Amino acid sequence: MPLVLPDVPLAPMVPVLLTLLGAMLATVLGFFVPRRSITFISLAMLVLSAVSMVWLWNRGESAFGGSLRADNAAIAIGLVLLIGAALSLIVSLDGAARARLSFPEFDAMLMFAVTGTLIIAFSGDLITMLIGLEVMSLSGYVMTTLQDSRESEEAGLKYFLLGATGSAILIYGIALVYGATGSFNYAGIAAASSGLSLQNAPLLVGGALLLLCGFGFKVALAPFHQWTPDVYGGAPTVVSLFLSTVVKVAAFAGMLRVFSGALHNAPAWLAVLAVLTAATLIVGNLAALFQTNFKRLLAYSAVAQTGFLALTLLGRPEVGGPALTYYLLVYTITTAAALGIVAALQRSEAGFAINDMRGLYYRHPAYAVALGVCLASLAGLPPFAGFYAKYLAFQAAFQNGYVWVAVIAALMSVAAFVYYLRIAALMFMPDRTPAREHDGAKGGTRFTTALGVVGITALGILPNLAYGWVAYPGIWTQLAGT
C-alpha cells in the first residue's frame, strides 16, 4: 500500500512555531551573540507571531483533527499573551543586568514559556492543553530560580512544589472527565455532557471539580493562592512581571476553553467557582491592606484581581468571554507598567517599603504620575480602563444570577481603594529624607510605562477600541469547537 501522509495544515500552527523558533534561536545563538541582541531577535519573533495571528483572524482553521484551533477566541487571547511577553522582554532590557539575569537562558526560557501559553490558548482538547500548561509551568519554574540568590531559589522551590501539586490534581481531573464522557476533545466533552446519563454524572462532576482545583493553583484562586506572595516577592521583578501577566492570562485562557466551552453544561462547578471567587476577593483585598512592602502588596493585588477576573467565568460565554479578554488586556498593560516602574526604581529585588515611596513625585515626577494612573486603574476608578473592565466583570456575574458574588466584589473594591490610594497619596506628599530608590532612567522601562499609561487611558475613554473587536457572540459560543 502507498504511504499516505496525514493532511496537517500548517497555517494554524504558524504563531506557535514562530515563538518556538524564537526559543530555539535564543538557545543556540546564546553561545555567539550578546544577550541584548537575542532579546531583540525574540521581540521580532513575537511580532511575526502577532502578524500571523491577525492574518488568521476569521479563518477558523484547525490542525490535528481539531486538537489545535486557531479560532478568533484563541487569536484574541493569543495577542494579549504576546503583548505581555513583549513588555516583559522590553523591561528586561533595563532590569536584567541589575537582577543578575543578563544571560540568554532567560530569553530562551521566556520564549519556551510563551510557546506553552499559546498552545493552551489554541488548544482543542485536554491533552493539548495539558502539554501547553506543562511547557509553560516548567519554564516558569526555571525562570524563577535563575537569579543566584537564596530568595529566588526558595521562591522557585515553592512554585515548583505547589505547581506540581496543581498539575497532578488537574491530570486526575482530566482522567475522570475522560472516563465520564469518553473524549478528550472539547467538542466531544460538550456533546457528551449535554446528554449525560445519571450513572456517569458523578464522575463528570468529580473531574470538573478537580480541574477547577488544578486551574485554581495556576491562577491563584483562594485557597490555592498561598504560593503567590512568596513567589512574586522572591522572584526577580522581571520574572514576577511575566508570571503575573502572561502566565495568568494563559491559565485563564485554559479555564475559558475548558469551563465555558467543554464543560459549560456540566453541573456543580459554577456554584463552587462562585464560592472560590468570593473567597479570593476577600482574602486578596484584605491581605493587601496589611502589607508594608510594595512588591508583596502587588502580589496580593494580583490575587484580588484574580477574583475579579473569575467573575467573568460566572457569566454566559457570550458575555463572559469578551469581558475576560478585555480585562486581561487591561490587567496586562497595567501590571507591566507598574512592575516595570518597580524594577527601575528598586535598589534590591526585594522591592521597596511602602513608606519609602513618600515624596516620589518630587524625585521622579513622571514615574509617580504613571504609577498613580496604574493604581487608579487597578482600583477601578474612572476614566481609566480598570473601571470598565470591572464593570464588565460585574455585569457578567450579575446577569447570570450571581448577584451575591457581585455584591461582595463591589464591597471588596471599596477595600481596594484604601491600599491603592494610600500609596498614591504617599507619592505626592513632601519628603525631606534622602532618596531611597534607584535613578530609574532607562529607555525600555520608559517605553513600557508610557505605553501602559496611554493604553489605560485610551481603553478607559474609548473601550470599544478593544472590547468592540471581540464582543461578537459567535466567537465565544463556539469555544468548544462545535
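1. Let's start with the second largest pocket, which has a volume of about 260 Å³. A pocket here is an open set of points on a 1 Å grid over the protein atoms alone, with protein on both sides within 12 Å along at least five of seven lines. Grid points are joined across faces, edges and corners, and a volume is the space filled by probe spheres set on the points. Please keep in mind that this is a predicted model, where local features need pLDDT of at least 70, side-chain atom pairs count only at pLDDT 80 or more, and totals for chains, interfaces and linings use all residues. Residues are numbered from 1 along each chain as its sequence is written, and side-chain values use heavy atoms, with hydrogens and water left out.

2. The lining of this pocket holds 15 residues (those with an atom within 4 Å of a point). V80, I83, L329, L459 and A466 lie nearest the centre of the second largest pocket. Two or more lining residues come from each of α3 (72-95), α13 (317-345), α18 (443-461) and α19 (467-470); helices are DSSP runs of H or I, at least four residues, numbered from the N terminus. By class, this lining has 13 nonpolar, 2 polar and no charged residues. Nonpolar covers Ala, Val, Leu, Ile, Met, Phe, Trp, Tyr, Cys and Pro, charged covers Asp, Glu, Lys and Arg, and the others, Gly among them, are polar.

3. The largest cavity contains about 130 Å³ of space. Its lining has 14 residues, with S244, L298, A299, T335 and L339 nearest the centre. Helix α12 gives the largest share of that lining, 6 residues, and the lining divides into 8 nonpolar, 5 polar and 1 charged.

4. The second largest cavity has about 80 Å³ of space. Among the residues that line this cavity are M136, Y159, F217, K218 and W227. At least two lining residues are supplied by each of α5 (126-144), α6 (150-181) and α8 (201-219).

5. Finally, a helix pair worth a look: the axes of α1 (residues 14-29) and α2 (residues 35-56) come within 8 Å and cross at roughly 170 degrees. Axes are lines fitted to C-alpha atoms, for helices over the stretch in contact, and angles run from 0 to 180 degrees between N-to-C directions. Helices α1 and α2 are therefore roughly antiparallel (over 145 degrees). Their contact (heavy atoms within 4.5 Å) includes L18, L25 and L29 of α1 and I38, M45 and L56 of α2.

Note on methods. 1 Å grid on protein atoms, 1.4 Å probe; cavity = no way out; pocket = protein on both sides within 12 Å on 5 of 7 lines; lining within 4 Å. Parallel < 35°, antiparallel > 145°, perpendicular 65-115°, else oblique.
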